Amino acid sequence: MKKILLILCMLVLFLTACGSDQAEVESEEFNLETDFQSEYYDWTTEPHPIVEVENGYYMLVGYYLYYVDKETMEYTPLCNKPNCLHQEETDQMKVMDCNAMVRLDRLICTNLNYYKQHLYIAAIELLADENGMPERKYVMDKLSLDGGEREVIHEFENPVDTAIVHRGYIYYSSDFSQIGSNKKTGVYRIPIEGGEEELLYSAESNNQISYLRITGTNLSFTEYDEERGHSVCQYNFVNGKVKKISFGDGIDVVGARMANGRVYYRIMKEYKDYNTWSTNLDGSDERKESFISQHQDDDYYYETNQEDKTQTVYDWKTQKKVTEFSQLVRGGSFFAGKEKLFWYGSNEDGGIKVSYINREDIPKGDKAVKVLMDFSSDETYPGIVTVTQ
């Protein structure tokens with residue numbers, strides 16, 4: 001009898017755990033510890049250089065990782081080595097000794113990820129092959145929050161275009177063109193604790209797939225076709241099906257943002273011919289909006305003037321102008337975080353500048369914007385990083 005009760009208890013616990021896992025997959029409620037932070041995603045060389053934690057931010061600036069304290073907004077290179085000069089090191093033989101240095105390939109659309117008290121980032125490492133010879137491998141690095149520990153947790157089977165971490169899995173899009181393969185590009189996932197790579201979606205032809213992000217209970221990505229332009233694809237975590245959203249032949253989808261329960265897309269038919277469309281989180285109820293905006297959050301939408309790099313901020317409820325910013329730079333990014341807005345982009349020295357404003361100060365405009373970092377090219381991209389520790 002006791003044996004039967006034990007088996008029944010184990011069965012109940014198993015079913016409860018399975019139900020909990022499924023509930024997590026189906027939940028649209030954001031979890032800071034497990035979920036990809038889509039608000040810090042943008043279409044740049046480094047489309048996801050910021051992640052938020054309870055008391056601060058981690059930022060990838062060039063080849064270096066920094067921690068930023070939320071209360072003081074002071075930054076620290078993610079390196080605990082004594083006497084290390086970090087980004088100020090000029091000796092090329094010592095550059096790689098800094099723990100804050102991340103070995104990147106500038107061709108990867110690098111994403112900085114945070115998941116359960118660790119940082120994750122896709123990179124290229126020189127690892128030994130079966131014959132002991134060095135070989136370039138696409139890998140996922142796992143880093144401790146103090147930068148003192150780093151390990152390769154996965155070697156990707158295919159070249160990586162974009163990789164993100166979300167609710168227990170690594171999701172990535174492959175880029176076969178980098179090695180001259182005729183294979184089709186695709187979207188894969190791997191359990192973050194280890195396991196086999198699983199193909200979720202294969203392109204119809206030699207299309208480019210990139211810019212992975214999360215919208216509700218969907219993994220969204222962009223597929224480019226020379227004839228049809230950009231299409232938005234959504235892999236549904238609940239039913240495992242892929243839905244393709246196309247706004248018309250030859251239309252480029254410039255962005256995808258979630259706000260107030262909808263996804264907003266900035267699309268372009270021809271040069272300077274922009275429109276904003278939106279759908280429900282599941283891709284249904286397509287509609288053309290009366291405004292043109294590249295960025296949205298639950299409080300505001302931001303209309304960007306590409307000519308003079310200004311942003312006009314409008315309130316969702318009143319539809320009235322709140323303020324205007326002039327912080328954008330060529331090739332720069334804008335991130336509407338929950339507590340702060342960030343501008344991230346190139347400076348006049350060829351390096352990177354990061355500025356921010358507290359959300360409550362948004363109505364004050366440019367005068368309330370503060371510079372967080374302003375590094376030269378030597379401080380962001382020191383030499384050509386080709387050697388690993």
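Gln319 is partly exposed, because its relative accessible area of 39% falls between the limits for buried (under 20%) and exposed (over 50%), as computed with a 1.4 Å probe on protein chains only. This is a predicted model, in which local features need pLDDT of at least 70 and side-chain atom pairs count only at pLDDT 80 or more, while totals for chains, interfaces and linings use all residues. Residues are numbered from 1 along each chain as its sequence is written, and side-chain values use heavy atoms, with hydrogens and water left out.

Gln319 sits in the loop between β23 (310-315) and β24 (321-325); strands here are DSSP runs (E, at least two residues), and helices are runs of H or I with at least four, numbered from the N terminus. The phi of Gln319 is near 60°, a positive value in a residue other than glycine. Most residues other than glycine have a negative phi. Gln117 also has a positive phi, near 70°, and belongs to the loop between β5 (112-115) and β6 (118-128). With 43% relative accessibility, Gln117 counts as partly exposed.

Seven of the eight residues of β13 (residues 208-215) are buried.

Turning to the aromatic side chains, 29 pairs are counted, taking rings of Phe, Tyr and Trp (its six-membered ring) with centres within 6.5 Å; planes under 30 degrees apart count as stacked, over 60 as edge-to-face and the rest as tilted. Tyr57 and Phe342 make an edge-to-face pair, with ring centres 5.1 Å apart and planes at 75°. This pair joins strand β2 (residues 56-61) to strand β26 (residues 340-346), across 285 residues, and both partners are buried. Tyr57 and Phe342 belong to one aromatic cluster along with Tyr40, Phe335, Tyr344 and Tyr356. Lys70 lies over the face of Tyr57, 5.5 Å from the ring centre; the criterion is NZ of Lys or CZ of Arg within 6 Å of the centre and within 35 degrees of the ring normal. Likewise, the charged end of Arg266 sits over the ring of Tyr274, 3.9 Å from its centre.

Finally, the cysteines: the structure holds zero disulfides, defined as cysteine sulfur pairs within 2.5 Å. The sulfur of Cys84 has its closest cysteine sulfur in Cys98, 3.8 Å away, which is too far for a bond.
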